[in-house]
Amino acid sequence: MAISGVNHITLAVSDLSRSLQFYEDVLGARRAAIWPRGAYLELGTLWLCLEVSTEMSPRGDDSHIALSCSPGGFADLARKIAASARLWKDNRSEGASLYFLDPDGHKLELHEGDLASRLAHYRTHPAPGMTLTDAKTPS
């Protein structure tokens, strides 16, 4: 038995209408279902559930969800996000990234690249103490 991928991500939100506006209008999510206390959205292949909660617990660490964008689409989408969201971190890693908060403070990242491009970067720019465990680029 093996994990085949991420099934879905659920984020607690304090205001469903405000969150729907952000995820649909800014990030381009497609609404798949809605009910009084939640919604299912599609962001590319990601199934995202927004669930109304009165208990919000923002994290103080760097835990976040990184979202991919279409090749060549990073600059336009990053400008749109930066005009609508608060940024929480500067990019210090390989590839173009924009770190931003959703309306409830969930930490998100827009990233251009994938695991293969990240590993290729570290093959040519070794990081102190990092061991690459497979010489092949993942497919």
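**Figure 1. Overview of the protein chain in a predicted model.** Read along the sequence, the elements follow the pattern β-α-β-β-β-β-α-β-β-β-α, and in total the protein chain has three helices and eight strands. The C-alpha trace spans about 50 × 40 × 30 Å along its principal axes.

**Figure 2. The open sheet with the order S1-S4-S3-S2.** Four strands make up this sheet, and their pairing is mixed. Strand S1 (9–13) and strand S2 (30–35) are the edge strands, each of them pairing on one side only. From one strand to the next, the twist averages 20°. Helix H1, which covers residues 16–26, lies across S1, S2, S3 and S4, and runs at about 5° to S3.

**Figure 3. The hairpins on either side of strand S3.** Strands S2 and S3 form a hairpin with two residues between them, and they pair in the antiparallel sense over five bridges; within this pair, Ala33 stands opposite Tyr40 in S3. Strand S3 (residues 38–43) also pairs in the antiparallel sense with strand S4 (residues 46–52), here over six bridges. In that pairing Glu42 stands opposite Trp47 in S4, and Gly38 stands opposite Glu51 in S4. The hairpin formed by S3 and S4 again has two residues between the strands, and Gly44 in its turn has a positive phi of about 60°.

**Figure 4. The open sheet with the order S5-S8-S7-S6.** This sheet is formed by four strands with mixed pairing. Strand S5 (65–68) and strand S6 (87–89) each have a single partner strand, so one side of each edge strand is left without a neighbour in the sheet. The twist in this sheet averages 40° from one strand to the next. Helix H2, which covers residues 74–84, lies across S6, S7 and S8, and runs at about 25° to S7.

**Figure 5. Strands S7 and S8, with Gly105 in the loop between them.** Strand S7 (residues 97–101) and strand S8 (residues 107–111) run antiparallel and are joined by five bridges, and Tyr99 stands opposite Glu109 in S8. Gly105 lies in the loop between S7 and S8. Does this glycine count as buried, exposed or something in between, and why? Because buried means under 20% relative accessible area and exposed means over 50%, the 25% relative accessibility of Gly105 makes this residue count as partly exposed. Although Gly105 and Arg86 are 19 residues apart along the chain, their C-alpha atoms are separated by 8.8 Å.

Conventions:
Residues are numbered from 1 along each chain as its sequence is written. This is a predicted model: local features need pLDDT of at least 70, side-chain atom pairs count only at pLDDT 80 or more; totals for chains, interfaces and linings use all residues. Side-chain values use heavy atoms; hydrogens and water are left out. Two strands pair if DSSP finds at least two bridges between them. Axes are lines fitted to C-alpha atoms, for helices over the stretch in contact, and angles run from 0 to 180 degrees between N-to-C directions. Contact means heavy atoms within 4.5 Å. Buried means under 20% relative accessible area, exposed over 50%, partly exposed in between (1.4 Å probe, protein chains only).
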